[in-house]
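Visitor: Hi! Could you walk me through this one, beginning with the surface?

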Amino acid sequence: MKMQWALIAGLVFALLTGIFAVINVDSVQVNLLFNTVQIPLILLILGCTLIGGIIVGSYGIFRQYRLQRENKQLKLRVSELESSAASSSSSSLDSFKSMDTFGTTDSDNASVESDSIRKGNPSGTL
């Protein structure tokens with residue numbers, strides 16, 4: 001919705017600029033530091049508007065490029081963190097499993113499993 005309002009505002013601005021330029025068709029003297037030229041005011045107005053649009057558009061493209069590059073870097077960082085978290089969680093789970101079975105016998109594990117099944121815990125965990 002925001003983009004539609006920006007487009008409408010841009011079209012209104014272009015229409016007003018065009019009307020303003022068409023009204024002012026007199027020839028004016030423009031000093032270019034090294035030379036002075038006579039050009040119609042309509043060309044000066046439209047030329048300055050075009051140059052301003054190019055400057056604003058190029059800044060917008062640069063900003064969009066910078067944001068896309070930053071987004072790509074952040075996605076790579078997230079995937080790195082997810083992979084490191086997955087590897088550390090699997091190694092910690094392995095260490096917890098080894099700690100769980102440390103010092104227990106098979107008969108102890110069987111009695112724990114049968115107790116949990118009788119109490120309504122079919123998964124066998126405590």
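Guide: Happy to. Surface patches here are made of residues with over 30% relative accessible area and no salt bridge, with like charges joined within 9 Å and nonpolar side chains (Val, Leu, Ile, Met, Phe, Trp, Tyr) within 5 Å. Accessible areas come from the Shrake-Rupley method with a 1.4 Å probe, and for residues only the protein chains shown count as cover. A salt bridge means a side-chain nitrogen of Lys or Arg within 4 Å of a carboxyl oxygen of Asp or Glu.

Visitor: And where does the model come from?

Guide: This is a predicted model: local features need pLDDT of at least 70 and side-chain atom pairs count only at pLDDT 80 or more, while totals for chains, interfaces and linings use all residues. Residues are numbered from 1 along each chain as its sequence is written, and side-chain values use heavy atoms, with hydrogens and water left out.

Visitor: Which residues form the nonpolar patch?

Guide: M1, W5, I8, V12 and L16, with about 580 Å² of accessible area together. W5 sits in helix α1, residues 2–23; helices (H or I, at least four residues) and strands (E, at least two) are DSSP runs, numbered from the N terminus.

Visitor: Is W5 buried or exposed?

Guide: W5 counts as exposed, at 55% relative accessibility. The scale is buried under 20% relative accessible area, exposed over 50%, and partly exposed in between, with a 1.4 Å probe and protein chains only. Of the chain's 126 residues, 4% count as buried.

Visitor: Which residues gather in the positive patch?

Guide: K2, R63, R66 and R69. Lys and Arg count as positive and Asp and Glu as negative, leaving out His and the chain ends; a charge is placed at NZ of Lys, CZ of Arg, CG of Asp or CD of Glu. Helix α2 (residues 41–101) gives the largest share, three residues. R66, for one, is in α2 and is partly exposed at 37% relative accessible area.

Visitor: Switching topic: how many salt bridges does the structure hold?

Guide: One. E80 pairs with R77, their closest N and O atoms being 3.8 Å apart. The two are three residues apart in helix α2, so about one helical turn separates them. E80 is partly exposed at 46% relative accessibility, and R77 is partly exposed at 46%.

Visitor: What pattern does the chain follow?

Guide: Along the sequence, α-β-β-α-α, which comes to three helices and two strands. Strands β1 (residues 27–31) and β2 (residues 36–40) pair antiparallel over five bridges; pairing requires at least two bridges found by DSSP. S27 has P40 in β2 as its bridge partner.

Visitor: What about the loop between β1 and β2?

Guide: The hairpin has four residues between its strands, and L33 lies in that loop. L33 has a positive phi of about 70 degrees although it is not a glycine. Most residues other than glycine have a negative phi. L33 is also exposed, with a relative accessible area of 86%.
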